[in-house]
Every structure is written in structure tokens, then in C-alpha cells.
Amino acid sequence: MMKKFNFSAASKALLAAGALSIALTGCGGDDGKNGEDGKPGAIGVNIDLAKSVNAVFTNATVEAGTVTVDFTLENDNGVAVLGLTKDHDLRFGIAQLAHVTETMNNKDGVATEYDRGYQWQAYINAEKSPNPDWVPEGESDINPTNQFQADVEKASNCETCFVDNEDGSYTYTYQQNIGSVTTPVKVVYSADYTQRATLELKFANFAANANFDWQPSTGTTDGIQTRDVVSIETCYTCHQPDSLELHGGRRVNIENCASCHTATSGDPESGNSVDFTFMIHAIHKGQDRMTSTPEGMVPAPYKVIGYGGGIHDYGKVMFPQGPAADCSSCHLEGENAPANADLFKADLSNTACIGCHTEKPSQNHSSTNCVSCHNSTDTYSGTGSAEKRHGDVLKAYKDAEAMTVKFSNIGLTDGKFSFEVQILDKDGVAIAGEFINQGTRVVVAWDSDKDYPAYTEASYSDRRIKLQDGSYDEGTKTFTLIGDNFELPTDAAGKTFELWSAVEVCFNNGGYGVAEVVMTECSDNTRSIEVKDAPYHFVWSGTGEEPEVEATMRRDIIDASKCQGCHNQEIYHYDNGVNCQTCHTSDKSIKESVHKSGKYDKATSFAYKAHEAEGHNLKYAGVGSSTVIKTDCMTCHTDDGIKLGRSPERVWTYPNTETFDKAGIYVSSDAGACLSCHQKYLSDSGKSHIEINGGILDGISAEDVQNRAAETCSTCHSPEKLMELHGN
């Protein structure tokens with residue numbers, strides 16, 4: 001009987017290796033030539049492991065209508081990204097920057113050919129019908145109709161178009177031949193026109209976009225026709241970058257947007273144009289977009305029905321720029337500006353006009369050919385170009401910005417704080433009182449290097465002094481103002497004081513028939529604009545200004561330039577910069593949301609008002625765009641602006657959320673800063689955490705809080721930790 005042997009896996013491997021060795025050594029003779037060296041492997045990171053990817057086009061050609069592009073992928077460290085395939089979420093677009101003309105009736109009713117400049121035309125288009133399942137029943141301001149839409153092509157739809165060069169560089173040949181495109185939108189290719197190739201590569205958590213502009217007839221990328229109007233960095237002045245990652249996060253490049261959102265593109269479910277110029281202006285006009293009817297002006301919200309039937313109602317947009325007529329909010333000119341930043345002055349297109357003002361801005365308008373009347377060369381009598389008409393709105397602000405406020409003779413009059421004030425023009429000459437709105441004010445404050453006067457000591461309403469309540473010297477054009485409604489603190493000597501002007505100067509209104517906006521004697525027919533000048537700070541000697549001592553400035557909290565970057569000239573009221581805290585102190589009294597309701601549920605400090613402003617948290621408010629998210633502290637604050645522990649004497653007032661009585665509660669310094677966002681979300685554990693670490697949430701007075709508070713928040717909550725906790 002045969003014996004059976006059980007071999008382990010290791011024994012089997014050993015026997016196999018021995019047998020192989022015998023086989024190899026058992027043959028005599030030469031073993032042949034050495035094989036060729038293999039190609040060096042590329043140094044890079046595999047695309048499926050990459051944490052970042054940046055795409056760059058390196059070349060593009062057109063041969064018999066066939067477009068071929070070369071591009072590279074690298075990560076943020078400049079390392080090649082390898083292994084891209086056609087089956088990744090990779091898409092390409094192609095467009096032409098063509099010269100466009102349009103025939104419309106001129107202002108005399110004669111058919112005339114108009115130059116519309118250079119506009120993008122996409123070669124890849126589709127005709128789309130409204131999806132009945134996506135059209136909301138009863139929705140207003142939509143008109144579902146068939147529309148053309150520019151599109152991109154998927155690399156995965158072609159087996160032979162994509163080539164991996166195995167070194168982080170790739171080649172793609174377009175499926176769309178651009179030599180003769182006749183349907184659904186006719187595009188006549190010209191090798192002399194600028195062409196734009198676009199790429200979009202989508203990953204789970206990020207996207208890469210790229211574009212490449214070139215002129216096929218010369219192969220050059222320099223000195224060619226461009227349409228580079230607005231920089232994406234300008235958009236970031238107000239927008240969170242994440243909020244502009246559109247179409248599911250795959251499209252982040254403004255150049256890609258502009259060459260796809262073309263003049264022939266529309267949204268079938270709403271019937272509205274999605275031309276880039278029209279769409280951007282209509283969106284930003286937002287809740288102020290109105291159209292004229294025989295019965296008067298009515299809202300005309302711009303709406304788009306997104307993929308799957310989601311309604312994007314841009315009538316909810318609260319455009320923060322004031323006045324909205326300032327084209328330079330987006331169209332920045334000057335050094336490092338886009339090549340065509342001044343295109344908005346060229347009087348070439350009606351599209352932007354209609355985007356903002358609709359096809360019927362008034363009953364006097366019978367044509368949509370806006371620039372036939374509103375131009376710089378053949379202007380309809382009494383009107384002007386878009387630049388002139390928008391400039392009329394802005395000129396008063398620009399003139400007021402060049403003015404200054406001069407304070408002098410600061411001292412005491414019959415024991416009351418007093419001073420003189422003049423408004424000076426751009427040349428330093430005093431402006432006469434008839435041009436100054438004498439119902440406007442100067443605000444007095446002390447402890448401006450800390451947190452301003454306690455509200456119970458001197459409310460802001462007592463510290464405001466109207467020009468008309470003082471005296472006026474016509475000879476010197478000087479107002480003398482006396483603070484009759486407040487008492488100086490007994491320890492005022494040595495304190496830093498502030499005089500802040502909210503004084504306004506009068507101008508005529510622009511508009512039809514107005515040749516120029518100029519400073520004008522105040523009347524019921526004028527408008528008044530705040531003089532823009534920084535607050536005046538000084539140290540009080542006990543009887544007047546102490547000239548030998550330099551005033552101490554308050555700690556950095558917000559960067560006012562960031563506020564004005566979004567809000568421009570107008571924020572809410574008293575629009576001389578951003579000095580809201582001089583009135584809206586941390587301990588300012590609480591108010592009723594509903595007047596005379598008896599429910600005191602609203603704090604009024606600057607921090608509370610800023611953090612709770614509806615437009616400052618657009619992750620949840622308005623259109624839910626995430627344009628501004630208040631958890632990103634650096635949107636408004638300086639680098640040290642959220643540093644805790646810097647003002648232990650500060651006290652806040654907040655509503656008592658149990659009783660909502662008029663007295664409210666007093667809260668310690670750092671805890672109060674947190675409550676400006678978190679009071680309504682504060683859990684019992686959060687409250688306990690604050691109180692264990694020395695915070696006061698139940699004070700009955702400022703003195704009570706100051707006697708008991710011993711906050712240690714800053715020990716753990718550094719600015720870096722706070723940013724991290726807020727998701728940054």
C-alpha cells in the first residue's frame with residue numbers, strides 16, 4: 001500500500017525552487033545577450049491618490065476641422081499626476097471668439113447694422129425641450145420653451161481620442177469637428193479668430209479646470225483678440241470661492257463659464273437666457289430687478305430651473321453693493337486688470353442693460369436697442385451713455401470722498417464739551433452751510449481705544465449733535481457744536497476721545513436732461529451724501545485737546561476695507577466708512593423685533609447685528625448660495641480680530657431668553673462675543689462650559705459682571721483653534 005505524505009505550503013515552495021534551479025543549471029552553453037534596458041519610470045503621483053490636481057494646456061492645433069490639444073497634470077507641489085484615463089470624469093469644450101453684428105432699428109426707426117464686438121460661440125450645442133416634470137406648477141416669471149444650450153463632450157465617449165503619454169502629459173483629439181458646424185447652432189470656423197479649448201476634470205472632493213486661447217492661422221497665443229473682462233479674484237471680494245464651484249462643483253474657471261454660457265444658450269424650463277453677460281447682471285440685480293408696466297414698476301426676478309427641477313430664484317439675491325450703479329465693483333481697471341476690463345464702456349451690447357433693467361425699464365422705452373440712444377457719439381437728447389448715466393449716480397459719492405472734515409477749538413463751553421467743525425472741498429476750501437445738510441450729525445465718544453462709553457453712561461443718541469443745533473459763522477463757514485445732552489465722565493482727563501462725522505453734503509440728482517451732477521444748495525429736490533473721512537482721535541486734557549500726547553487706537557477687530565469691498569459706499573446708514581461700534585456698543589440696550597410687542601428679543605451691538613445680518617450667512621438665507629458664510633471669520637476680521645482675552649472689562653447686553661423682559665441679561669467679554677452668533681443655539685453643556693471657565697451669562701448689571709467674571713477662554717481658544725472649530 002502506497003504511503004501518503006502531507007507537504008506544507010512552505011515545503012512545496014522549497015521543492016519547486018529546487019527543481020527550477022536544476023532545470024536552469026542543467027543546460028550548458030551561452031545564455032544569450034542581455035536584454036535592453038527598460039524605459040525610466042516617470043516620477044509622479046497616481047491620479048487616484050492625488051490630493052490636488054492642476055491642469056495646464058501646452059498646445060492646440062486645428063487640422064481640417066479636427067482639434068487636438070496637449071495638456072499636463074500636476075499637484076500643488078508641482079509633481080506630475082499620472083494615470084489619467086478617458087474613463088475619469090473628463091470633459092472638453094471648444095469655442096470661437098467671433099466678431100458679431102446685429103441689425104436693429106436705430107432711434108429713428110431705421111434698420112441699422114450694429115457692431116456687437118467679439119463674443120464667444122460654442123461649437124458644441126444641443127437643443128433642449130422643457131422637461132415637464134421639472135417645470136414647477138404655478139411658478140411665476142418663467143416661460144418654458146425650447147432652447148439651445150452650449151455643451152461639452154465626454155472623453156469616455158471616444159475609444160481613440162485620448163492618449164496618456166505616461167509622464168504626466170496627455171493628448172486629446174476632439175470628437176466635434178469644428179470645420180463646418182451647421183446644426184443645431186451654425187458656427188462658421190475662421191482660423192483667424194481666437195479659439196478656446198476648455199477642460200474640466202471632476203473628482204470626489206475637488207475639480208480641475210483649464211482653458212487655452214490661440215489663433216490657429218498663426219499658432220500664437222500672444223497679441224490675439226481677447227474678451228477678458230472680469231477676474232475671478234474680483235468675484236472673491238464678496239464670494240466664498242466654494243460658492244462659485246458650480247454645476248455640481250465641476251466648473252470653477254470663469255473663462256470656461258464665459259465660453260459655455262453663450263448668447264444662444266437658454267434654460268428650457270424657465271425660458272430665460274443663460275448668456276453669461278445677461279445672467280450675471282440679472283442675478284446680481286437680485287431683489288431690485290424691476291420691470292415697468294402701465295400700472296407701475298413690478299418685480300421681475302430672474303429664475304433658472306436647474307437639473308432635476310430645482311428652482312434658482314435670484315429674486316432673493318441681496319446685492320450688497322451700494323449704490324448698485326458702480327460698475328467698477330466688478331469691472332476693475334488699472335494695473336494688472338484683465339485685458340478688456342473697460343469693455344463695459346464700449347457701447348457695444350444691450351445684453352447687460354437688459355440683464356439689470358429688463359426689456360422695459362420704463363414706459364418711455366419702446367426698444368431693446370439701448371445703445372442706439374445711450375452711447376457716447378450719437379446720444380439721444382437728454383440721455384447719455386451707460387458710463388455717463390452710471391457715473392451720474394456715482395459722481396456725488398466720488399466728490400464727497402474727496403472732501404474732508406476739519407475739527408478745531410475742542411474744549412469746554414459753560415462746562416459742556418464743545419468743538420468747531422468745517423467741511424472742506426478737495427482743495428481744502430471750506431464749503432458754505434447752504435450746501436451742507438444741517439440735519440446731519442457729528443458723534444462724540446470717549447474710550448474709543450477700548451470699547452466706547454458705557455451705554456448707561458452716555459447713550460449714542462445723547463452723544464449725537466446735529467449741525468442745526470449748533471451755531472454757524474457764515475464768514476468762516478464754521479459750525480460750533482456743544483454737547484448739551486451728555487456729561488463728560490469724571491475721569492475724562494487722559495482718555496482717548498473720538499469725533500466722527502456723519503455730515504452730508506447736497507447734490508443735484510442725475511438722470512434725464514441733467515448735464516452734470518454737482519454740489520447743490522440743499523432743498524427737497526436734492527440728495528445728500530456723507531463726507532468720507534476717518535474719525536478724529538485725540539487725548540482729552542481736562543479742558544481741551546492734549547496736543548503733546550498721541551491718541552491710542554483700538555485693538556484690531558475687523559478690516560473695514562473688507563466690509564467696503566463688498567458694500568462699497570453704502571452699508572446701512574451714517575455711511576462714512578465703517579464705524580458702527582461708536583453707536584452700537586457692546587452694552588447697547590436690547591430691542592423688540594416686533595414693535596410694542598413687549599418681547600425684548602434682539603441685541604443691538606455691532607457684533608450681533610453684523611453676525612445676524614441675513615446676507616452674512618447665505619449658506620441658509622436667500623438663495624442658499626454660500627456666497628458669504630459667517631463661520632469664515634476672515635471674511636470680515638483681521639488676523640488677530642478674533643483673539644480672546646484682550647478686553648476683560650467689556651460687558652455685553654443680551655435678551656433674557658426665558659423672560660424676554662426689557663432689562664435683559666449682562667454677559668462677560670469673551671462669552672458675549674460668542675453669544676453674538678450662538679445664543680439661540682447654546683446648549684446646557686455649552687453654558688456650563690462657559691461658566692466653569694469664568695464666563696458670566698446671568699449678570700444683572702455691568703458692575704455685577706465685572707466683579708464676578710474671571711474668563712480663561714483664551715487659554716485654549718486661540719485664533720487658530722477658533723478658526724478650526726468653525727470649519728476653516
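What covers the buried residues of H10? Point 2 takes this up, after a word on the basis of these notes.

1. This is a predicted model, in which local features need pLDDT of at least 70 and side-chain atom pairs count only at pLDDT 80 or more, while totals for chains, interfaces and linings use all residues. Residues are numbered from 1 along each chain as its sequence is written, and side-chain values use heavy atoms, with hydrogens and water left out.

2. The cover of the buried residues of H10 includes helices H9 (606-612), H11 (684-692) and H13 (713-716), together with strands S29 (651-654) and S30 (665-668). Helices (H or I, at least four residues) and strands (E, at least two) are DSSP runs, numbered from the N terminus; contact means heavy atoms within 4.5 Å. H10 spans residues 669-678, and seven of its ten residues are buried (under 20% relative accessible area; exposed is over 50%, partly exposed in between; 1.4 Å probe, protein chains only). Those buried include Asp670, Leu675 and Cys677.

3. Threonine 653 has tyrosine 666 of S30 as its bridge partner. S29 is covered on both faces, with Val651 and Thr653 buried on one side and Trp652 and Tyr654 buried on the other. In a regular strand, side chains alternate between the two faces of the sheet.

4. Across the whole structure, a search finds 29 aromatic pairs (ring centres of Phe, Tyr and the six-membered ring of Trp within 6.5 Å; planes under 30 degrees apart are stacked, over 60 edge-to-face, the rest tilted). Phenylalanine 92 and tyrosine 172 are a stacked pair, at 4.0 Å centre to centre with 5° between the planes. Phenylalanine 92 belongs to strand S5 (residues 89-105) and tyrosine 172 to strand S11 (residues 169-173), so the pair ties together parts 80 residues apart in sequence. Phenylalanine 92 is buried at 0% relative accessible area, and tyrosine 172 is buried at 0% as well. Ring pairs link both into a cluster whose members include Phe57, Tyr170 and Trp214.

5. Please check serine 270, in the loop between helix H3 (254-260) and helix H4 (276-285). Serine 270 counts as buried because its relative accessibility is 1%. Not counting residues up to four places away in sequence, serine 270 touches Ile142, Asn143, Pro144, Lys303, Val304 and Ile305.

How values were computed
Pairing = 2+ DSSP bridges.
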